[in-house]
Amino acid sequence: MSALVLSIMSSTAQAAYQLNISIALSPQDPIAQALESARQTIEERSEGELRVQIFPNSQLGSDEDVVEQIRSGANIAILIDAGRLSEYQRELGILSAPYLVEDHRDYRQITQSPLYLEWIEGLADTSGLRLLNYNWYQGARQMLTQNEVHAPDDLRGVRVRTINSPVWINTIDAMGATPTPLPWSEVYSALQLGSIDGAEAQLTGAEGQNLHEVITHVALTGHIQLMTGIVTSEQWYQSLPEALRTILDEELQVAGDEASEATVEAEAAVRERMEAAGIVFTEVDLEVFRERVGTVYETLGYEQYRSQLLGQE
């Protein structure tokens with residue numbers, strides 16, 4: 001357990017209840033700003049009984065370390081994608097699968113489906129992780145590289161940083177690149193030093209880490225509509241009075257919707273700034289990439305769930 005986490009846990013003992021939220025994004029990201037707004041509203045509605053503190057830029061440690069602290073019952077939450085949660089509830093990984101939806105708003109239907117609700121209860125029961133909501137849209141993932149990419153063959157031998165979970169690794173491999181998992185906080189230096197050749201990321205997140213300084217091209221693959229959720233400790237969550245659980249659930253849901261819309265609005269402006277900095281954006285044939293990643297669903301056993309989640313049966 002890190003010294004910072006120990007300090008947080010001891011210092012909050014005086015408060016009735018406190019939740020410390022870890023995010024990998026910068027304080028300027030629309031999601032970080034929405035969380036700050038939610039913090040204020042939660043504290044106001046609870047009359048100070050429930051306090052919230054936001055820790056951007058992975059200040060509490062890597063996602064893997066933070067999740068383990070949460071599982072041990074710490075009063076911590078993390079903004080995380082379902083691919084990482086698949087280690088604890090395998091089926092949830094499909095929420096991060098490539099080209100699952102055409103529009104991020106389609107996730108609303110998914111998260112209201114009986115299958116999804118069954119999975120999140122299973123996650124809480126077997127791993128001690130409570131997925132509070134899953135409506136924080138971070139943007140479409142694109143390929144950020146040093147050379148122009150038009151097709152999967154252009155990614156052959158290209159070491160691309162991705163998230164360390166089966167669905168992400170399989171996706172990047174199927175797209176033609178060499179998947180290279182790294183913590184988000186290390187991507188800039190890895191690109192600068194040449195230990196990786198590229199990364200896949202949403203534009204707002206890439207700008208937050210100044211990746212436009214260490215890459216030259218963006219291929220608009222849009223391979224994953226990155227929706228994320230907030231996970232906390234089931235033990236801690238159940239210790240809250242019902243009224244505080246309601247406040248937390250409601251305000252984080254509202255903040256997630258607001259952050260998602262702000263992210264959509266911000267993407268065009270981010271692209272303009274990147275282009276002004278010299279980054280070349282390339283349109284690609286999405287059908288070619290879509291066909292290549294179809295194997296991901298087969299490999300991970302997700303094919304049976306697509307129609308159920310999207311109400312296409």
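Helices, as named in these legends, are DSSP runs of H or I with at least four residues, strands are DSSP runs of E with at least two, and both are numbered from the N terminus. The model shown in every view is predicted.

**View A. Packing of helix α2 against helix α11.** Helix α2 spans residues 30–45 and helix α11 spans residues 242–276. The two axes are 8 Å apart, and the helices pack at an angle of about 155°. Angles over 145 degrees count as roughly antiparallel, and α2 and α11 are therefore roughly antiparallel to each other. The crossing in which α2 passes α11 is right-handed. On the α2 side, the residues that meet α11 are Pro30, Ile31, Ala34, Leu35, Ala38, Thr41, Ile42 and Arg45. Their counterparts in α11 are Ile247, Leu248, Glu250, Glu251, Leu252, Ala255, Ala259, Ala262, Thr263 and Ala266. By class, the residues of this contact comprise 13 nonpolar, two polar and three charged.

**View B. Asparagine 57 and serine 58 in the loop between β2 and α3.** Asparagine 57 belongs to the loop between β2 (50–55) and α3 (63–71), and serine 58 also lies in the loop between β2 and α3. Although asparagine 57 is not a glycine, its phi is positive, at about 55°. Serine 58, likewise not a glycine, has a positive phi of about 55°.

View C. Serine 96 counts as buried because its relative accessibility is 1%. Its side chain reaches the backbone nitrogen of glycine 83 at 3.1 Å. Neighbours within four places in sequence set aside, the contacts of serine 96 are Asp81, Ala82, Gly83, Tyr134, Val167, Trp168 and Ile224.

**View D. Methionine 143 in strand β5.** Strand β5 contains methionine 143. With a relative accessible area of 0%, methionine 143 is buried. Beyond residues up to four places away in sequence, methionine 143 touches Leu155, Val160, Ile172, Met175, Ala199, Glu200, His217, Val218, Ala219, Thr221 and His223. Alanine 277 is 134 residues from methionine 143 along the chain, and their C-alpha atoms are separated by 17 Å.

View E. Valine 158 is placed in the loop between β5 (142–145) and β6, while threonine 162 lies in strand β6, which covers residues 159–162. Valine 158 is buried, its relative accessible area being 16%; threonine 162 is also buried, with a value of 0%. Apart from neighbours within four places in sequence, valine 158 is in contact with Ala177, Thr178 and Asp197. A separation of 45 Å lies between the C-alpha atoms of valine 158 and threonine 41, which are 117 residues apart along the chain. Threonine 41 is one of the α2 residues that meet α11.

**View F. Arginine 271 in helix α11.** Helix α11 includes arginine 271. This arginine counts as partly exposed because its relative accessibility is 27%. Arginine 271 is in contact with Leu203, Leu220, Phe281 and Glu283, leaving aside neighbours within four places in sequence.

**View G. Arginine 290 in helix α12.** Helix α12, residues 286–292, contains arginine 290. With a relative accessible area of 23%, arginine 290 is partly exposed. When residues up to four places away in sequence are not counted, arginine 290 touches Tyr99 and Glu102. Glycine 222 is 68 residues away in sequence from arginine 290, yet the C-alpha to C-alpha distance in space is 9.9 Å.

Note on methods:
Residues are numbered from 1 along each chain as its sequence is written. This is a predicted model: local features need pLDDT of at least 70, side-chain atom pairs count only at pLDDT 80 or more; totals for chains, interfaces and linings use all residues. Side-chain values use heavy atoms; hydrogens and water are left out. Axes are lines fitted to C-alpha atoms, for helices over the stretch in contact, and angles run from 0 to 180 degrees between N-to-C directions. Angles under 35 degrees count as roughly parallel, over 145 as roughly antiparallel, 65 to 115 as roughly perpendicular and the rest as oblique. A crossing is left-handed if the near helix is turned anticlockwise from the far one by less than a right angle, and right-handed if clockwise. Contact means heavy atoms within 4.5 Å. Ala, Val, Leu, Ile, Met, Phe, Trp, Tyr, Cys and Pro count as nonpolar, Asp, Glu, Lys and Arg as charged, and the others, Gly among them, as polar. Buried means under 20% relative accessible area, exposed over 50%, partly exposed in between (1.4 Å probe, protein chains only). A polar contact is a pair of N or O atoms within 3.5 Å; within protein, one must be able to donate a hydrogen and the other to accept it, and residues adjacent in sequence count only if both atoms are side-chain atoms.
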